Amino acid sequence: MMVSSSALTSICVKLNQPFGGDILSWIFTLLIYIFFAISIFYGQRIQLHVWLREVEGSLYKLKRIRDEGRKIAIETIREIGKPVDDPTEHVDRFLEYFTIQPVSMDPARVVWKLEHILDVRDNRFKDEVRLMAPAADETQVNNLENTLEAALALNMIYKIIRHYYLLGKKTLSLYVIMQLQMIMPMVMREAEAYASALKAFAYGQPIGDGAGALVAAKLMRGYQKRKIAKDVVVATVPIEGRTAYVLKAEGPGGNVAKPGEAIKQLIEENDGKIASIIIIDAALKLEGEKTGEVAEGIGVAIGGPGVEQYKVEESLLQYKVPVNAIVIKEDIADAVSPMRKEIFEAAEDAINRIKRLIKERTKEGDTVIIAGIGNTIGIGQ
Amino acid sequence: MKRSSQVKISTAFLVVIFLTLILSFVAIYWAISEVILGENYGGALSWLLIGFIGLSIATYMLYQTRRRIRISIRPQPVMTTLICEKCGFKNLREFRRGDYVFKETDEKCPKCNENMYIAAIYREVKEKV
C-alpha cells in the first residue's frame, strides 16, 4: 500500500512538471479576466444569442406543429371528402388565405362593411372546402372548414413568429428579440391549443367554446325548432310560466352562425316586448379560477369580431330590453379542445341559473330570449 | 431557418465544449494532485470548484446539443355517454366519429332493447396539484 501511494505521488509530481503549477494558475487567472472582459463588452450580445436560440427552439416546435396540422387537414379531407385529385396543393393555397379588414378612418358603417367581408370570407371558405371534399355532407363541410381554419391559424402564428425571429436576427435588435422571447410561452400555449383543436374539429367532437350552445341544446331538446337567421335555430320553450325563445347555431357541424342577427329578428318579431335576454357563452378564465365555474353579469356576451354583439346592442338600445349574461369559464386551450367534463357538467348549473334569473327578473306570461353562443360542433339540438 | 429532425451543431461550438472539458479535467487533476502532494489544500479546493463548474457547463452545453424536439398531435381520450330514455340505462364508451350530443343512435339498450341517445361527450382531465 505504501509503495503504491508513493508511486502515485511521484506520478503526480512528474505530471505536474510539464504544466508547471504556476503557469496553469496563470492560465486560469487570465481566463477569469477574459471572462469578465467578455461579460462587460459582449454580455448583452451573448444574452441576445441565448434568447435567439430559445426562440429558435420554439420556432422549430411551431414549425412541427404547423406541419402536423397541415398533414391532419389533408388526411381528413382525403378520408371524408374522397377527392379525385390530390388535395395537397389546394390545402396549401387555403393556408395562405388572408382577410383585409375594412378601413376605419371614417368609422360610420364600418360594422356592416366588416360583416360583409366576413360573409364573403365564410362563403369562399365553404366553397373551397366543397371543391376539396366533394363527398362531404353539410355537417362535414362545416367541420372540415373549422379544421382548415385551425391549420390556417397555426400557419399564421408560425409565419409571424418566424418574421420577427429573422428580423431580430438580421438587425440584432435587443428589443425585438427580447419581446419575442418574452411572449413565446403564451404563443406556444395558443399554438398547442389550436393543435388539439385540429383533432377535435377533424373528428367532430364538441369543444369547450360550445358550452353556451350546449346549454341552449339542453333547453330546446324535444321542442319544435325553426330556422331564424343564417344557420341559427330557435325553439319556443315554456320555462317557469314564461315563453322562452331558445336559440343556438345549427349543429352538429362546426358553426357559430349569426346569433346577433337572430336575437335582433326575434326582438323585432315581438315588437320589442321582450322582458329579458339571457346570453350564455364560454368565457376565458383568469389563472387561479376553476374550469367550469359559472358566473353571472350584465351585457352582451358574444365574442368574435364584434358584429353580432353590435347588432344586439343596437336592438337593446332601441327597445330598452334588459340583458343578462351567464358565462362558463375556461382557458384558451379548453375553449378549442374537446369539451372537458367540468364544462359539460357546468351546463346544468347554467340552466339552474337561467331559471332563477327568469323567476327573479321577469313575471309569469312574459317573453324571454335565451341565446346559447359558441361553436356548436358535435352538439345537435 | 433550415433545420432537419437532426439538430445541426457548429464546429466552433463543439471546439468550445471540448476546450472547456479539457480545462475542467486539468483543474480537477490539479486539485487531486495538490491534495496527494499535500502542498496547498486551499488551492486544491479552488481548482476543484473551477473544475466542476467547467465540467457542468460543458455537460449542459452538450446536453443542449443532444436535445431533440418531438411533436405529435395525439387525439385526447374522449368518452361518449349513451342513455336509454325509457329505463335510464347509462352506457359509457369511447367516442366514435359521427357521434354528437343528442344523436339518436341505433345502439340498443341491453335492458329494454330501446334505441339509446347520446347524452354527453367529454374528456376527463386529471389536474396536476
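## A hairpin in chain A

E2(A) and strand E3 (residues 242-249) of chain A pair in the antiparallel sense over eight bridges. Two strands count as paired if DSSP finds at least two bridges between them. Strands (E, at least two residues) and helices (H or I, at least four) are DSSP runs, numbered from the N terminus. Together E2(A) and E3(A) make a hairpin, with two residues between them. In that turn, A:Glu240 has a positive phi of about 50 degrees. The bridge partner of A:Pro238 in E3(A) is A:Thr243.

This is a predicted model, in which local features need pLDDT of at least 70 and side-chain atom pairs count only at pLDDT 80 or more, while totals for chains, interfaces and linings use all residues. Residues are numbered from 1 along each chain as its sequence is written, and chains are lettered from A and ligands numbered from 1 in the order in which they are written.

## The sheet of chain A

E2(A) also pairs with strand E1 (residues 225-227) of chain A. Three bridges join E1(A) to E2 (residues 232-239), and the two run antiparallel. A:Lys225 stands opposite A:Ala235 in E2(A). A:Arg226 faces A:Val234 in E2(A). Four residues lie between the strands of this hairpin. Which residue takes a positive phi near 60 degrees in the hairpin of E1(A) and E2(A)? That residue is A:Asp231.

Seven strands form an open sheet in chain A, in the order E1-E2-E3-E7-E4-E6-E5. The pairing is mixed. E1 and strand E5 (294-298) of chain A are the edge strands, and each pairs on one side only. From one strand to the next, the twist averages 25 degrees. For this angle, axes are lines fitted to C-alpha atoms, for helices over the stretch in contact, and angles run from 0 to 180 degrees between N-to-C directions.

## The cores

The largest nonpolar core has 112 residues. Such a core is a set of buried Ala, Val, Leu, Ile, Met, Phe, Trp, Tyr and Cys residues joined through C-beta atoms within 7 Å. A residue is buried if 20 or more other C-beta atoms lie within 10 Å of its own, exposed if 12 or fewer, and partly exposed in between; C-beta atoms are placed from the backbone. Those with the most contacts inside the core include A:Ala216, A:Val234, A:Val246 and A:Leu247. The largest share of this core, twelve residues, comes from helix H6 (residues 174-203) of chain A.

What is A:Leu247 in contact with, leaving aside its neighbours within four places in sequence? Its partners are A:Ala216, A:Ile228, A:Val232, A:Val233, A:Val234, A:Pro259, A:Ala262 and A:Ala371. Contact here means that two C-beta atoms, placed from the backbone, lie within 7 Å.

## Helices of chain A

Helix H11 (residues 341-361) of chain A has 21 residues. At 1.5 Å a residue they should span 30 Å, and the end C-alpha atoms are 30 Å apart, which agrees. The expected span is 1.5 Å times one less than the number of residues. Buried residues in H11(A) include A:Phe344, A:Ala347, A:Ala350, A:Ile351 and A:Ile354. Helix H4 (residues 110-132) of chain A has 23 residues. H4(A) reaches 33 Å from its first C-alpha to its last, close to the 33 Å expected. In H4(A), A:Glu115, A:Phe125, A:Val129 and A:Met132 are buried.

A:Leu316 lies in helix H9 (residues 307-319) of chain A. Why does A:Leu316 count as buried? Because A:Leu316 has 20 C-beta neighbours inside 10 Å. Leaving aside neighbours within four places in sequence, A:Leu316 is in contact with A:Val321 and A:Val323.

## Chain B

The secondary structure of chain B comes to two helices and four strands. From the N terminus on, the elements run α-α-β-β-β-β. Chain B is divided into domain 1 (11-66) and domain 2 (78-123), with bounds from an automatic or database domain assignment. The C-alpha centres of these two domains lie 65 Å apart. Buried residues make up 19% of the 129 residues in chain B.

Strand E3 (residues 104-108) of chain B is hardly covered. Among its five residues, the count of buried ones is zero. Two bridges join E3(B) to strand E4 (residues 115-123) of chain B, and the strands run antiparallel. B:Glu104 has B:Tyr117 in E4(B) as its bridge partner. Six residues lie between E3(B) and E4(B) in their hairpin, where B:Asn113 in the turn has a positive phi of about 60 degrees.
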